[in-house]
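Me: I would like to go through this model term by term, asking each time what the label rests on. Please set each value against its definition before you conclude.

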Amino acid sequence: MEKELLELIDKETDKYHKEEIETLLKLCSIDSGSKDKEGIIKVIDTIASLFKDIPVNIERIETDNGENLIIRFNKGKGHKIILNAHMDTVFKKGDVISYPSYIKDEYLYGLGSSDCKGGIVVSLYSLLIAFRNNLLKDREYTLIYGCDEEIGSPTSRPVYVKEAADADYALVYEPSRGNNGIITSRRSCANAIIEVYGKAAHSSEYTKGANAVIGLSNIIQKLNKTHDPERNIYINIGEIQNSGPINQVSDYARMEISCRVETALQAEEFFKKMEECIDPEAEGLTSKISFFDLHKPMERNEKNIALYEKVKEAGKLMNLELEEIAAFGSGDASIFSECDIPVIDALGSYTLGMHTKDEHTLISSLKSRTMLSLILLQLL
C-alpha cells in the first residue's frame with residue numbers, strides 16, 4: 001500500500017475521532033436492551049442522521065424485537081462486503097439514567113459502549129470516511145445492524161442469511177479484547193430445557209405425591225459429572241423453576257442448561273450426554289428434554305484464516321501485531337460462518353467490563369480500529 005494512502009487514512013481517522021466519541025456517547029445514552037423496540041428505534045434514528053448527505057440505501061426491517069437496519073453503499077455493484085454489529089445490549093430500560101455515559105481518563109464509560117455500540121461507531125465511520133475520500137471500490141458495502149444478538153438473533157438471523165448469499169466477506173465488529181486479537185473461531189451454545197413431571201400433594205401427605213424437584217436434583221447431580229476439563233467443556237445449570245408453594249409437593253420442575261462447544265460433533269456429544277442423564281430415578285416421575293441451538297460453532301477454517309491474514313497485513317501497516325484468537329462465546333459471526341463465507345470478528349473498539357454496569361472502552365481504540373478497518377477494506 002502506498003505511503004500517501006496510509007498517511008491520508010491516518011489523517012482522516014484523526015479528523016473524525018472527536019465525532020466518533022460524540023456519537024458513541026449519544027448511543028450509550030439510549031436504553032436499547034433486547035426487545036426494547038422504542039430504544040432500538042432511537043439508536044437507528046441516531047445512526048441514520050449521520051447519513052443525511054450520503055447517497056446510501058437505508059432499509060429498516062420491522063420485527064417483534066425492534067428493527068434491523070441495513071445501510072448500503074454502491075447498492076448492486078460488484079461483490080459485496082458485509083460489516084456487522086448489533087444495537088441491543090444486555091441492560092434493562094432505565095439503566096442509562098442510573099449509569100449515564102461519561103469520559104474518565106482514557107476511557108469512555110457507558111452501557112453497551114464496547115458491546116457493541118463501539119463496533120457500530122467503528123464500522124459506520126470506516127465507510128463514511130472511505131466515501132468522503134473516494135476510497136470505496138466498485139463493489140457494494142453493506143452495514144447490517146441487528147436488534148437482538150444478545151438473545152440469539154432470532155429476527156436478525158434471516159436478514160444475515162439473506163444478505164450473506166451474495167457476499168464475499170463478513171466483517172463483524174464485536175469488541176476487541178485481550179491482546180487486540182482477531183477472532184477466527186467461536187464456540188456454539190448447545191442448549192437444552194429439561195422438564196420433570198410428578199404428582200402434586202399436600203406436604204403433610206408427602207408420600208401421596210411425587211416431587212418433581214427431587215427428580216430434577218437427581219438429574220443435576222448426573223450432569224455435574226459430565227464435565228470435560230481437558231477440552232474445557234462444562235455444562236452450566238441456568239434458570240430453575242418449580243410449580244408449587246412451600247406446602248405442596250411439586251408436580252413440575254424445569255431447568256435450562258447450556259454448554260459451549262467448538263464443533264458440531266461436540267454439540268452432538270453434548271446432546272447424547274443429556275439424553276443419558278434425564279432419568280429422574282424416582283417412582284411416579286417422568287422427564288422430557290428439548291434441545292435448541294442459538295448458534296452453530298464458527299469453526300476455524302481455511303476461508304477465515306485467509307481473511308485473518310489480510311487483517312494481519314493491515315495491522316502490520318500500522319505497526320500492530322494482531323494475533324489470532326478463539327472465543328468461548330457464540331455470536332452473529334457464527335451465523336455468517338454457517339453461510340459458508342469468510343468471516344472474522346472482534347474488529348470493534350477495545351472492551352473492559354463487558355456486560356457489567358462498569359462497561360467501558362478505550363477511547364484511542366475507536367481511531368485505531370477505524371484505521372485498521374479502512375486499510376483492510378483497501379486490501380480486500
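**Burial, salt bridges and a helix pair**

Reply: Glu163 is buried, since its relative accessible area is 6% and buried means under 20% relative accessible area, exposed over 50% and partly exposed in between, with a 1.4 Å probe and protein chains only. This is a predicted model, in which local features need pLDDT of at least 70 and side-chain atom pairs count only at pLDDT 80 or more, while totals for chains, interfaces and linings use all residues. Residues are numbered from 1 along each chain as its sequence is written, and side-chain values use heavy atoms, with hydrogens and water left out.

Me: What makes the meeting of Glu163 and Lys80 a salt bridge?

Reply: A salt bridge requires a side-chain nitrogen of Lys or Arg within 4 Å of a carboxyl oxygen of Asp or Glu, and the N to O distance between the side chains of Lys80 and Glu163 is 2.7 Å, so the pair meets the definition. Glu163 lies in helix H6 (residues 156-164) and Lys80 in strand E3 (residues 80-86), so the bridge ties together parts that are 83 residues apart in sequence. Helices (H or I, at least four residues) and strands (E, at least two) are DSSP runs, numbered from the N terminus. Lys80 is also buried, with a relative accessibility of 3%.

Me: Why is Arg157 called partly exposed, and which residue does its side chain meet in a salt bridge?

Reply: Arg157 has a relative accessible area of 24%, and is therefore partly exposed. Its side chain meets that of Glu338 in a salt bridge, at 3.2 Å from N to O. Arg157 lies in helix H6 and Glu338 in helix H10 (residues 332-338), so this pair ties together parts that are 181 residues apart in sequence. Glu338 is likewise partly exposed, with a relative accessible area of 32%. Elsewhere, salt bridges that share partners join Glu59, Arg72, Lys80, Glu140, Glu163 and Asp166 into one network.

Me: How many salt bridges does the structure hold, and how do you know that Asp53 and Arg132 form one?

Reply: The structure holds 26 salt bridges. In the case of Asp53 and Arg132, the closest N and O atoms are 3.5 Å apart. Asp53 lies in the loop between helix H3 (37-48) and strand E1 (57-63), and Arg132 in helix H5 (residues 117-132), so the pair ties together parts that are 79 residues apart in sequence. The two partners carry separate labels, for Asp53 is exposed, with a relative accessible area of 57%, whereas Arg132 counts as partly exposed at 31%.

Me: Why is helix H2 called oblique to helix H11?

Reply: Two packed helices are described by the angle between their axes and the distance between the axes. The axes of H2 (residues 17-28) and H11 (residues 363-379) come within 10 Å and cross at roughly 120°, which makes H2 oblique to H11. Axes are lines fitted to C-alpha atoms, for helices over the stretch in contact, and angles run from 0 to 180 degrees between N-to-C directions; those under 35 degrees count as roughly parallel, over 145 as roughly antiparallel, 65 to 115 as roughly perpendicular and the rest as oblique.

Me: Which residues of H2 and H11 meet?

Reply: His17, Glu20, Ile21 and Leu24 in H2 meet Ile363, Ser364, Leu366, Lys367 and Thr370 in H11, where contact means heavy atoms within 4.5 Å. By class, this contact has four nonpolar, three polar and two charged residues; Ala, Val, Leu, Ile, Met, Phe, Trp, Tyr, Cys and Pro count as nonpolar, Asp, Glu, Lys and Arg as charged, and the others, Gly among them, as polar.

Me: Is Ser153 buried or exposed, and what is its phi?

Reply: Ser153 has a relative accessible area of 0% and is therefore buried. Its phi is near 60°, a positive value in a residue other than glycine, and Ser153 has its place in the loop between strand E6 (141-146) and H6. Asn319 too has a positive phi, of about 65°, although it is not a glycine, but Asn319 is exposed, with a relative accessible area of 73%.
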